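Hi everyone, thanks for coming. Could you bring the structure up on the screen, please?

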Amino acid sequence: MRPPFPRSTVHARRLLLVLASLGAAISAHAQRYILKDGTALAAADVTLGSGALVQQVKIASGGSFERRYPLADIARLDFPEPEALDEAEKFVAAGKGPEALALVEPLARQFAPFAKIPGSPWPRAALLRMQALLLGSDAAAITSAARELMQSGLGPDFTGVAKLALAQLDARAGRESLANVMLEEIFREATPEVQARGWLLRGDLAAARSAHVEALEAYLRVPAFFGTIDELMPAALLGAARAYKGYGDTGRAERSALELIDTYPDTLQAAQAKKEFGL
Amino acid sequence: MPSPRRSLGLPRGSRFTARFAALALAGAALSAQVPQIPLVNQLAEVEQQLTARRPADAIGLLDEIIKRAQAGETLPSGVTLERLLLTAANTNFQTQQFTRAAELATELEKLPSVGASALGEARMIRGLSLALQQKYAEAIPVFKTAEESSTFREKARLYGAMSAAQAGQIPVAIETYNRLLAAGPRDRDWADAALSLVDLNLRADNGADARRGLALLRGNLALVDNLAGLNLLSLQLGDALLKAGDSAGALAAFRTVTPRDPLIAEQKKRNAALERALERLKSAQRPSATEADAIRRVGARLEQAKASLAQVENLATFDATLRYRLAYAFQERGGVWEAALLFEDLIANHPTSPERENAYFGLVRAYADAGRFDKVRTAVERFTQAYPQSKFGPQALYLAAMAAGQRGDVDGQLGFLSLAKETYPGGELAEPMALMRANSLFTLGRFAEAKEVVATYAAAHPQGKFIEEARYLAGMADLAEGRATEAEKQIQAYLKDFPEGRFVPDARYRLAATAYARQDYQTSAALAEKWLADYPPEQPQRGEIYSLQGDAYAGLNRIEDAIEAYNRALALPLSDDQLGYVLDELTRHYQSLKRNDDAVAMWEQFAAEKPDHPFVINAAYWISRIRGREGRSDEALQLVSEITRRYVADPARGDVERLLIEIASTLARPPRAKRGEPKPAPAPEAELFKRVDSLLLVGSTRGSATAQARALFTHSEIAALRKNEPLRDELLGKIAARFAPDQLPPGILGKVGDTLLAQGQPELARKFYEQIIAGHPRSIFADFGHVGLGRIALGEGKGDEALARFNAAIDVAGARFKLKEATLGRAHAQLLLGKTEAARELFEQVAGNRAWRGEATAEALYFLGEIALRRGTPDDLAKAQAHYQRIYLSYKRFPAWVSKAYLRSAQTFEKSGQLLEALTTLNRMLTEERLQPFPEWQQAIALKPGLEARVPAATAPAPATSS
């Protein structure tokens with residue numbers, strides 16, 4: 001018999017909480033492929049074959065047969081977010097490319113066949129791999145990773161990152177005009193964050209030529225137009241401080257360096273600014 | 001919102017309806033006689049109505065059951081009066097019978113045996129019922145008591161805060177929200193509450209708290225359903241902070257605002273999600289009061305989000321407004337480069353926005369504040385062209401004029417002021433602009449015009465804000481024009497009309513100076529004496545008056561008194577000009593009295609007391625000269641080198657190079673012949689170099705790389721004075737090879753850079769120039785760096801960069817040594833960028849500057865000819881011809897330009913159809929054998945036969961002798 005009175009909301013909430021925590025406990029251990037028909041395949045029960053997941057099914061007579069589940073039938077991956085990605089992110093932030101790569105490369109390879117499938121850690125792994133590669137000088141690996149990103153079909157976020165990486169390679173090789181062609185595409189199409197990174201690169205290119213006004217206008221676009229992207233501010237402020245100095249405006253150079261040191265004290269750029277500007 | 005109270009109708013459509021209606025109509029007396037329906041059955045009926053989602057039909061039954069229970073009838077097992085009352089209150093609340101719901105809740109609260117949970121729920125129902133009847137002030141204390149329940153605490157705080165806000169009790173609302181947010185979980189209700197709190201803080205002018213609230217929300221964006229509202233609040237916060245003068249806070253607020261299109265897209269997504277959530281909530285069976293309230297809250301949140309979205313959608317200029325606010329906030333906190341970028345973007349991408357006009361004005365201001373004077377000019381031109389009638393036009397021109405003045409571009413300043421006068425006559429800035437114009441004219445030495453401007457001003461504004469300054473300037477203009485009598489009259493009239501005026505001390509000084517100029521030294525001395533008696537010792541002009549008094553005494557041939565007056569002047573603050581004058585006069589008078597030791601002692605004392613003063617160089621010069629005249633060159637060199645050694649190891653002391661040049665000059669001077677003896681041969685350079693080393697590299701300076709480089713530099717100066725240019729270049733090359741740029745002072749860096757550039761080593765030169773800018777940006781030699789890098793950029797065909805460099809040489813470094821080169825460089829850069837008219841103006845500026853007469857003139861004339869030749873009209877060809885001819889006629893000392901000019905002159909004649917003149921010019925060129933090494937020589941030879949073939953024989957000129 002139903003209870004005669006409305007159930008207290010407290011009970012309902014408690015139940016929800018219980019269910020939610022239960023869900024969390026399940027998902028923390030789950031490594032499953034969820035198919036479009038709702039079937040859940042434990043990762044441990046299948047292997048990756050050509051274009052499909054392969055399950056060995058034992059039969060009573062003692063034999064077995066293979067059941068194949070095409071990758072196209074996978075609706076989502078129910079895998080916990082690999083902790084290695086968080087670790088790799090820390091290494092990247094600290095400028096430790098090889099250490100980050102060692103963590104992220106196996107994940108990128110493992111999840112490459114599932115790049116576009118919801119729940120896949122591949123997109124994050126691929127972006128981190130690109131960041132880690134860019135800390136080094138392996139042009140071939142960067143190019144290959146960029147092409148992989150562009151072919152992933154994951155959208156403008158990823159295409160933009162790939163184009164920016166290629167522009168950076170051109171810049172490093174002294175092919176500034178080629179880098180600029182890529183940058184123009186980025187400024188037209190990419191997401192704001194990639195655009196902002198593009199302006200930083202353009203600032204670097206101009207600074208290398210000692211074109212301080214051009215460098216300043218590129219670096220300062222980041223605080224002016226992309227003010228919410230906080231993680232790019234240290235690089236922009238350091239670039240601006242150097243460009244001001246090159247331009248001969250030492251007052252503004254020092255102010256920019258001080259803003260960097262005050263606002264982002266724990267960054268590599270702040271440490272560099274302290275050294276360069278004697279602050 | 002509460003709906004009008006409905007009457008307590010009887011349940012309809014159930015099998016119990018008629019019977020229950022009869023009972024109700026019969027009243028209590030009848031009920032005593034008719035057997036009662038068992039409570040169990042009635043409760044079942046209630047259950048049935050509630051399950052069928054007909055709460056209104058359950059209300060009457062519940063009232064009846066409660067009445068029976070309160071009358072003492074026993075309730076079935078498991079059912080309590082407390083539970084009945086709670087259900088009834090909930091059901092009445094659901095059907096919007098808020099008064100009844102509140103009554104039932106009150107009854108429940110009064111039950112002696114009420115449990116804590118039921119008590120909390122009852123208080124919530126009562127509070128909500130009051131609030132929904134708009135009895136907000138009454139609801140506030142009810143919610144406050146409901147906070148006692150740990151179950152309902154958060155909701156009680158939320159509704160308490162909302163009620164307080166509705167009741168206008170803003171501080172109570174803020175305090176309640178703060179308590180709620182401090183303890184509550186981070187969910188969507190929390191985000192709603194945080195948004196409301198920001199709004200309240202804004203209304204209460206608590207900018208800092210609002211700022212913290214928004215920052216918190218930005219960190220939890222996923223919880224914020226009303227993103228559009230959040231963005232609008234950020235704009236409001238930014239405006240409030242700007243108004244309060246907190247531009248950094250305003251900037252932080254504006255920076256978080258998302259542009260319109262992505263904001264609208266995201267809000268639509270969130271609204272759709274909210275609608276789905278609302279549908280889910282509504283589909284729940286038998287929602288409790290709290291659940292019903294959740295439906296209301298989500299509905300309200302959706303409505304608010306939709307309203308905010310509509311507001312953003314209606315703001316077509318949202319992005320332009322945001323850009324403008326960001327730019328303005330940047331500008332207010334000194335981020336003028338960023339402001340300029342934003343204003344430029346607004347102007348370019350929002351052509352119809354009302355903010356565009358303001359943006360132009362902001363742009364002019366930003367460029368002026370950044371010291372980017374070339375940009376100021378173009379920005380003003382663009383502004384006045386785009387908005388010729390703008391009310392900000394005069395302000396923009398005023399700013400541009402001020403910027404030009406700061407840059408020392410008085411011509412430019414006058415240009416802006418004239419444009420302002422023509423375009424915007426009258427207006428509130430007309431008066432200051434008139435005075436600025438008069439001052440500019442005065443600075444340019446156009447005293448008559450300056451006087452005319454102030455006279456017009458005085459006539460138009462006899463009581464004007466600047467009338468005193470205008471009157472005084474009129475007198476000064478006469479004085480400068482040499483009309484001493486008229487000036488005196490003007491000054492006397494000024495003193496009469498403005499006896500307490502701010503120029504009175506200066507006016508009295510000018511009268512004394514006028515008397516001196518009339519050679520009325522007695523009056524001048526007396527006026528000076530009176531001035532000194534009338535004004536206190538701290539009056540800043542006192543030193544100047546003593547100096548004038550010294551002049552007057554000297555005029556009266558009271559030299560000892562003059563020396564005393566000058567010495568008094570020396571003890572007081574003086575401008576550098578005055579200081580230099582007084583020191584020089586004292587030196588002269590000491591020498592006339594043969595008190596050389598006093599003169600030397602004075603300079604030595606000066607150098608000791610003011611070791612960093614630029615006149616230490618003068619000290620070295622005079623000591624060297626006086627002792628040299630006495631035949632004591634060695635002593636002079638010792639004294640000068642002693643001063644030099646103090647700073648020779650410090651690359652930051654850029655003025656040492658001036659002393660080094662003095663030492664080089666003393667050493668390179670040919671030795672004097674002794675009477676009756678033949679003139680001795682000059683000392684070999686190697687010997688002089690050793691001497692330099694012995695003077696400069698002593699003790700600790702010997703090991704200093706900078707001192708060693710300076711010694712080499714002095715060697716190179718000696719080589720230059722001895723006209724041994726290859727040796728000079730070799731020595732400068734040695735400096736480049738042996739020393740790192742950061743070991744060199746800016747003056748040497750500049751010279752070495754120039755030598756390397758002249759030797760065709762731009763990449764090497766670049767390092768030296770860059771070190772000047774990076775290491776010595778404030779040095780008087782900084783312009784060497786900017787100009788050098790500009791020339792390198794020109795060589796690489798980078799017009800924009802070159803122009804920026806040359807502009808920086810003038811605008812940033814002040815172009816103390818390289819103004820001519822920077823101006824020429826700007827002209828070349830403009831030409832490279834295809835801006836012919838700008839280039840022409842600059843070349844004319846160079847060609848017209850008498851002080852620069854020389855190779856720069858020839859170069860400028862040549863390019864003026866090139867520009868005219870490119871235009872190609874008959875008139876232009878004639879102009880080009882005139883330029884070329886001027887070079888080979890007046891600037892013969894510069895064969896490279898003469899050679900070019902001859903060839904171009906001939907080609908221009910040919911283009912004009914004047915073949916005979918062309919041939920004559922070529923023949924004339926080919927008579928000058930010194931031009932043979934230049935490439936134009938061969939071109940002329942190649943051109944000649946063609947011309948000869950086309951010129952009729954009868955008219956052909958005589959062949960050149962050397963061709």
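Predicted model: local features only at pLDDT ≥ 70, side-chain atom pairs only at ≥ 80, totals over all residues.

If we take the contacts in chain A between residues at least 6 apart in sequence, 47% join residues at least 24 apart.

Now let's look at a pair of helices. Two packed helices are described by the angle between their axes and the distance between the axes. Helix 11 of chain A, residues 233-247, packs against helix 13 of chain A, residues 268-277, at an angle of about 15 degrees, and their axes are 9 Å apart. Angles under 35 degrees count as roughly parallel, so helix 11 of chain A is roughly parallel to helix 13 of chain A. The crossing of these two is left-handed. On the helix 11 side, the contact is made by A:Pro234, A:Ala235, A:Leu238 and A:Ala241. Helix 13 of chain A brings A:Gln269, A:Ala270, A:Gln272, A:Ala273 and A:Phe277. What kinds of residues are these: nonpolar, polar or charged? Seven are nonpolar, two are polar and none is charged.

Next, where the chains meet. Here 22 residues of chain A are in contact with 30 residues of chain B. Several helices of chain B give two or more residues to that side, among them helix 2 (39-51), helix 4 (81-94) and helix 41 (799-811). Which helix of chain B gives the most? That is helix 17 of chain B, with four residues. On the chain B side, the residues divide into 15 nonpolar, six polar and nine charged.

Let's stay with helix 4 of chain B, which also has a partner within its own chain. The axes of helix 4 and helix 6 (residues 116-132) of chain B come within 10 Å and cross at roughly 25 degrees. These two helices are therefore roughly parallel to each other, and helix 4 of chain B passes helix 6 of chain B in a left-handed crossing. Among the residues making the contact are B:Leu86 and B:Phe93 of helix 4 and B:Ile125 and B:Leu128 of helix 6. This contact divides into seven nonpolar, two polar and two charged residues.

Then there is helix 12 of chain B, residues 227-243. At 1.5 Å a residue, its 17 residues should span 24 Å, and the end C-alpha atoms are 24 Å apart, which agrees. Is this helix enclosed or open? Of its 17 residues, 13 are buried, so helix 12 of chain B is largely enclosed by the rest of the structure. Just after helix 12 of chain B, B:Gly245 takes a positive phi of about 85 degrees.

Look in the loop between helix 18 (355-370) and helix 19 (373-386) of chain B. B:Arg372 is buried, because 24 other C-beta atoms lie within 10 Å and the cut-off is 20 or more. The C-alpha atoms of B:Arg372 and B:Asn807 are separated by 8.3 Å, although these residues are 435 residues apart along the chain.

That's my tour, and I'm happy to take questions!

Terms used. Residues numbered from 1 in each chain as written. Chains lettered and ligands numbered in written order. Axes fitted to C-alpha atoms, helices over the stretch in contact; angles between N-to-C directions. Parallel < 35°, antiparallel > 145°, perpendicular 65-115°, else oblique. Left-handed = near helix turned anticlockwise from the far one by under 90°. Contact = placed C-beta atoms within 7 Å. Nonpolar A, V, L, I, M, F, W, Y, C, P; charged D, E, K, R; others polar. Expected span 1.5 Å × (residues − 1). Buried ≥ 20, exposed ≤ 12 C-beta atoms within 10 Å, placed from the backbone.
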